[in-house]
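Please open the model in your viewer and keep the selection tool at hand.

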Amino acid sequence: MIEFEFKEPTILGEDLLMIRRQLRRFVQERIVPFADDWEEQGFTPRALYRELGAMGYLGMRHPVEYGGGGLGALASVILGEELSRSGYGGVASALTVHSDMSIAHIAHRGSHAQKQKYLPAACAGEKIGAICVTEPGAGSDVAGLRTRAIRDDDGWVINGSKTFITNGVQADIYIVAARTDPDAKGSRGISLFIVEKGTPGFQVSKKFEKHGWRSSDTAELFFDDVRVPHDAMLGEEGRGFYYIMGTFQNERLVVGALVSGASARAIELTVDYVKHREAFGKSLWDQQVVRNKIAAIAAKAQAVRALTYQCAQMIDEGIDTVREVSMLKAFGAETLQEVVHTCLQLHGGTGYIIGTPIERMARDSRILTIGGGATEVMLEEVAKRL
Ligand SMILES: Cc1cc2nc3c(=O)[nH]c(=O)nc-3n(C[C@H](O)[C@H](O)[C@H](O)COP(=O)(O)OP(=O)(O)OC[C@H]3O[C@@H](n4cnc5c(N)ncnc54)[C@H](O)[C@@H]3O)c2cc1C
């Protein structure tokens with residue numbers, strides 16, 4: 001196999017480079033040989049969370065005193081890139097939703113008691129996290145969510161439903177957005193709660209079959225008078241929307257990393273294929289138009305990667321990145337469509353056959369222009385800040 005490698009950004013220190021090397025080896029030895037089975041079974045096994053957790057990769061961003069690694073945003077980028085470079089977007093999404101998108105809410109605004117209770121097990125991969133925002137009637141428009149939490153003497157009673165929730169079947173810890181003040185307008189009056197699996201009234205009502213990301217489970221959840229104690233609330237009452245938007249910045253950064261990793265793998269597979277495939281008396285690589293096409297997608301993928309690292313650096317320096325991260329989410333996800341479809345085209349009929357890596361990668365990539373902020377919504381966030 002011909003290897004394609006982006007050059008390492010010079011901002012990465014030896015510690016992060018070492019993490020990349022270790023993750024690269026782990027992905028090759030412990031994910032790639034088994035992931036076809038996980039695609040078939042429809043979820044990423046718990047044992048993989050435990051293995052990665054034991055190596056310290058699921059809590060790299062979280063505080064050291066609660067079992068994390070205390071590292072910055074660049075660590076999340078490296079994790080996302082290397083998991084995505086496996087070519088199995090489902091595995092990468094299941095793991096990064098856990099480490100960077102759900103449990104992160106507890107790390108960011110949990111009380112000491114909440115962090116102590118949940119983070120060590122989550123960082124160790126013993127407990128799996130899910131983030132539950134989307135509802136049948138509210139996706140892009142988060143402020144339109146209708147799941148309701150009503151306070152009583154013992155705590156809160158949650159009623160409603162959530163849909164398209166990654167890790168929804170397997171998770172143990174659910175971060176749930178619910179409306180606590182029905183009179184507050186739009187984005188106000190939403191709060192976040194920690195709901196544990198097994199709480200009476202909480203059930204997984206459906207597991208979806210998906211176009212791609214087949215090795216991550218995606219579920220619909222139902223809340224029927226689900227009682228949680230007062231201290232299940234995360235952060236302040238009524239601030240949930242702002243917390244969701246805050247953590248979205250990290251989620252969208254990780255999408256940039258998923259795009260970089262998948263692009264590198266797709267280009268690598270395609271350079272290898274066209275250099276070995278003979279047609280019209282020479283290799284496909286000997287056709288200038290083929291080389292040009294690959295060079296053009298490599299240039300765009302490199303640009304996405306540069307913006308990913310720039311956003312990570314800005315986040316670590318505490319600079320507001322909403323505009324740049326929104327650019328990254330929109331540009332990165334759209335670029336990946338061009339990358340994987342150009343690569344599939346250059347694989348000819350082979351690229352259309354189920355079971356070939358590029359066919360799976362084309363399916364896996366499709367969700368990235370929709371989930372976690374559709375392209376149109378992201379571009380609107382950019383436009384607001386121009
Ligand atoms: C595999 C998968 C995993 C997911 N994981 C999670 C998860 O873990 N947690 C979670 O909470 N959610 C999750 N989601 C939900 C995901 O974030 C939503 O699907 C996404 O936000 C879009 O919402 P929607 O599907 O309701 O589409 P809608 O909001 O109905 O939008 C449909 C389309 O309309 C267009 N559109 C929307 N708004 C605008 C606008 N303002 N201007 C122009 N065009 C617009 C876009 O093209 C969009 O794709 C997941 C979804 C999938 C499919």
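Select Glu324 and display its surroundings: apart from neighbours within four places in sequence, Glu324 is in contact (heavy atoms within 4.5 Å) with Leu307, Cys311 and Met314. The model is predicted, so local features need pLDDT of at least 70 and side-chain atom pairs pLDDT 80 or more, while totals for chains, interfaces and linings use all residues. Residues are numbered from 1 along each chain as its sequence is written, and side-chain values use heavy atoms, leaving out hydrogens and water.

Glu324 belongs to helix 9, residues 322–346; helices are DSSP runs of H or I with at least four residues, numbered from the N terminus. Is Glu324 buried or exposed? Glu324 is buried, because its relative accessible area is 14%, and buried means under 20% with a 1.4 Å probe, protein chains only.

Next, select the largest nonpolar core, which has 115 residues. Such a core is a set of buried Ala, Val, Leu, Ile, Met, Phe, Trp, Tyr and Cys residues joined through side-chain atoms within 4.5 Å. Helix 7 (residues 240–276) gives the most to this core, with 18 residues. Val195 is among the residues with the most contacts inside the core; its partners beyond four places in sequence include Ile158, Tyr174 and Phe223.

Finally, select helix 5 (residues 89–109) and helix 6 (residues 112–123), whose axes lie 9 Å apart at an angle of about 155°. The axes are lines fitted to C-alpha atoms over the stretch in contact, and angles run from 0 to 180 degrees between N-to-C directions. The two helices are therefore roughly antiparallel, the term for angles over 145 degrees. Among the residues making the contact are His98 of helix 5 and Tyr118 of helix 6.

Methods:
Buried means under 20% relative accessible area, exposed over 50%, partly exposed in between (1.4 Å probe, protein chains only). Angles under 35 degrees count as roughly parallel, over 145 as roughly antiparallel, 65 to 115 as roughly perpendicular and the rest as oblique.
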